[in-house]
Amino acid sequence: MPEITILKRPREEAVITQRMFFKKTARGKVIKVLRERYLRDDISCGVDGCRACDATAQTVLSRSGDTTHRNFPTGHYILPDTNVFLAQMDLIESTYFTPPIIILQTVMEEVRHRSLPLYSRLKALTTTDERKVWVFYNEFRSETAIVREEDETPNDRNDRGIRKAAEWYNAHLTLAHPPIRGQSNSTLPKVVLITDDFANRQKADKERIPCISVRNYVEGMKNSNELLDLLSATGSDEVEPTRAVAGRTALYADYLPMSTLLAGVKAGQLHQGHFNANQYNYLEGTVPVPAFTKPVLLVGRENMNRAVQGDVVVVEVFDEREWKAPTDEVIDQEATLKNDDAEDSEEEGDDLMVHEHESKALRSEHTKKAPTEKQPTGRVVGIIKRNWRAYVCHIDSTSLTSSNATSLGLQTVFATPVSRLLPRIRLRTRQAPSLIGNKILVTIDRWEITSRYPEGHFVRTLGKAESKEAEQESLLLEFEVPYRPFGKAILDCLPPEGEQWVVPPKSAASSEWRDRADLRDLIICSIDPPGCQDIDDALHARRLTNGNIQAGVHIADVSHFVHPETAMDSEAAARGSTVYLVDKRIDMLPALLGTNLCSLRPHVERLAFSVIWEMTEDAEIVDVRFTKSVIASKAAFEYGEAQLRKDDPKLNDKLTQSIRLLNSLAQKLKAKRMAAGALNLASPEVKIHLDNSESSDPVDVEQKALHETNSLVEEFMLLANTSVARKTQESFPQTSVLRRHLPPPPTNFEKLQDILQKRKGLKLDVSSSGALADSLDKCLDPTEPAFNTLVRIMATRCMLSAEYFSSGSVSRDTFGHYGLASPIYTHFTSPIRRYADVLVHRQLAAAIGYTPLHPSLHSKMHVERIMEVVNRRHRMAQMAGRASVEFYVGLALKGRNEREKEVIEDAFVIRTFRNGLGVFVSKLGLEGLVMFKRDTQFDAENYTISVPSSDTGRPDVTISVFDKVTVRIEVEKDKNTQRGRVKMTLVNPVDSRAL
């Protein structure tokens, strides 16, 4: 019998190799977790040619490090602590910041716990080929691993671990560079600890570890002028506050402690929600909260208390006697604060003057409203989560103290965001004169209670304002659209055959043909908008021998190419949606898939996922089946082409018969939907005519023409989505990916109901979607055909947004889609451009037994997380698309201004203000403000404004909501921003230029 010897390691060694921490479970129970650490001696330092490390180990860092810094002429590597990455990531990512970087495992883990977005940026930095970055696993190297001491905080433990690693590296470099006989050893490169923590630097100095603050390090670099502007104010304890902040009394109340906020929300004494700024009045904001049907109104700077658009805030609601109604006046930040000085704006006299100006504007408004218009009013008492990011701005030229282009002096200036929802940002820069007229990126760092404005730092220049390249990039950045090129890891997931990939010949051995229906002989076609390249869907219809009709929707089988837990899948999940701009498309998937291998091109065999119904002549569904398939589309039509084919009496081929059959069924399907209470809403959609594909210059704008074939495709996509939703929810009741549209609160329609009643004598019944649909049909003006469309557009704005959700996360009675009057719905028909559809394809494939469902889609928590990202990306993609249209409409109008004496268009009044009108130009899909400088008579109760007549001696002219007016549209260059701005003035019934 062999002899067995049991060896016990010393207790001291066990302490080093074991990590203990406490974890809170979902039920609130605290458990102790003990994890074993396996320490090693062969973890490489990453320095090229190191004799002390394994010669076969990968290396990234050069032997001598960076020798260009004036403080470290013998060469150096930098080793930043955690807070440097948390506060100075813009600096670290800059192309001007090129020293070799050592990132410790301790730092990576701490950043991951503190900020996932920054962790993602840090991970991207470690994989880029342009930078020399080495990740050192100090927690697993025996000489650098440490354990937390008694009474030591986690932060102090991590700081000590970082210093230990820096000390080890400097000692290790003496082994990597052994002394040469006859030469001094003082030429060794150093590993320099970069930290803004003063206490940490003191300890490093005592331990003789080279260390320096971020600012001092940057000042010693050869390109310091470009880099100093990138420094975040929050990251440095050496930055002097501006005179506007130093020695000032508080303008805002301090936030309550986080524990008090959470306890108050839990007890119902405080309320949590997202802060929304008012685009017409910078002194007002709202916070929707579950406890009230109307959002909580915040009036004045003090009550908004430094909240920025999108912040998750906690509000305290005032006593009902203090509730107010929203303002009816346009209060523009730039006009009100145009004389504010960036450096001295908090001086006592200026402060009192601005405060009085703002208070006067607010006082005149909130004392004259009917009690029914008032809503919960309160103040922000704390911030749960900041939404700060890099904002697209321009430098306010009036805030410069020196306009000398060669001046490198530090100036405090205002950066004005392009979004009207954001406050001006105070920043300090040496490049101010050269930045005038440019679009720039600025990040907010802090907002002190003593400062009227947040403070931030310059990130980078995007280009000249009004240049198409700068405007397009700024648009993508403003709406947080990921637009980086697809990386190598993602492209490696594509079929190796590339564009040569084809569906293989049919055979039992072919994996592509496994359990797929062969539908290549069916007369299938696609009908899409003009210029569509990513063809997601195709259709067919044919008569069966039993007298019924077979109709099918065939969707690109994206899930065949995009597999779970791959780099391509992760990137698609992060992007969430393809973004369509006027002259370009930001794809969710690489073009090889989106416009080629997955796109259902004509006369090419393609893999598809098909939904096939058997229907009666009256569009009653007899049967539905779902199958993976192979199809060969016979034609790809634009909507107009399909319409001409359908209407041409000379054509009677099988393809034309199929289109007519589909159209006949679609009309009956739509009639059933409308009878069930579906809404026929409207949105202002226009078509931009571009000069050519090279220049992309807009030459004209017109309203989009809608054909019967638009409705044909829409009805069958809706039917497919509904059928798939039922199937997946039946199979996966807890994690099915669905889409819902909640009924809007009746209070959302109160204003529109009141306007229609008072101005047109019309009643809007919002008791149900069916009642609303009937009411909208009756909102007619015999003298103005466009009136009904305008009302539908205004009704659409009263709705809640549709959203994706996991079926197990909400109660069954909230599954319904209000706008479609459908009890259940999902998105299945556009997997090339929507990630939610990819997940639905995977669930449907599992539901029909084609493939097992990936474990991640059995996790309710995982699906909820993905839905949160997808919902946000979907909203951002829509807003980016609209902003792109607005920009090109502006360019087209600028061109018309240059060609024509003036641009005159009809418009409808959609809102009245005390000092202006909100108008909508339906032909251009453009909304704008007409402002009056002279006093007017404003009747808030009846939504009218009376303005002096253009003709002397004539009575005042009264204008009300829904009135048709004529406006003059100009694109003028803002003297401050150097950017074109659409300006509207009335032509009829009065010339407002005289007002």
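**Close-up views of the predicted model**

**View 1. The surroundings of Ser 633.** The side chain of Ser 633 lies 3.1 Å from the backbone oxygen of Ala 635, a polar contact (a pair of N or O atoms within 3.5 Å; within protein, one must be able to donate a hydrogen and the other to accept it, and residues adjacent in sequence count only if both atoms are side-chain atoms). This is a predicted model, in which local features need pLDDT of at least 70 and side-chain atom pairs count only at pLDDT 80 or more, whereas totals for chains, interfaces and linings use all residues. Residues are numbered from 1 along each chain as its sequence is written, and side-chain values use heavy atoms, with hydrogens and water left out. Ser 633 belongs to the loop between β26 (621-632) and β27 (635-638), strands being DSSP runs of E of at least two residues, numbered from the N terminus. Ser 633 counts as buried because its relative accessibility is 2%, the limit being under 20% relative accessible area with a 1.4 Å probe and protein chains only. Beyond neighbours within four places in sequence, its contacts (heavy atoms within 4.5 Å) include Ile 524, Cys 525, Arg 601 and His 603.

**View 2. The open sheet β35-β36-β37.** Three strands in this order form an open sheet with antiparallel pairing, where two strands pair if DSSP finds at least two bridges between them. The edge strands, β35 (937-939) and β37 (957-960), each pair on one side only. Strand β36 (residues 944-947) pairs with β37 over 4 bridges, and Thr 944 has Ser 960 in β37 as its bridge partner.

Note on methods: Buried < 20%, exposed > 50% of the residue type's maximum accessible area, 1.4 Å probe, protein only.
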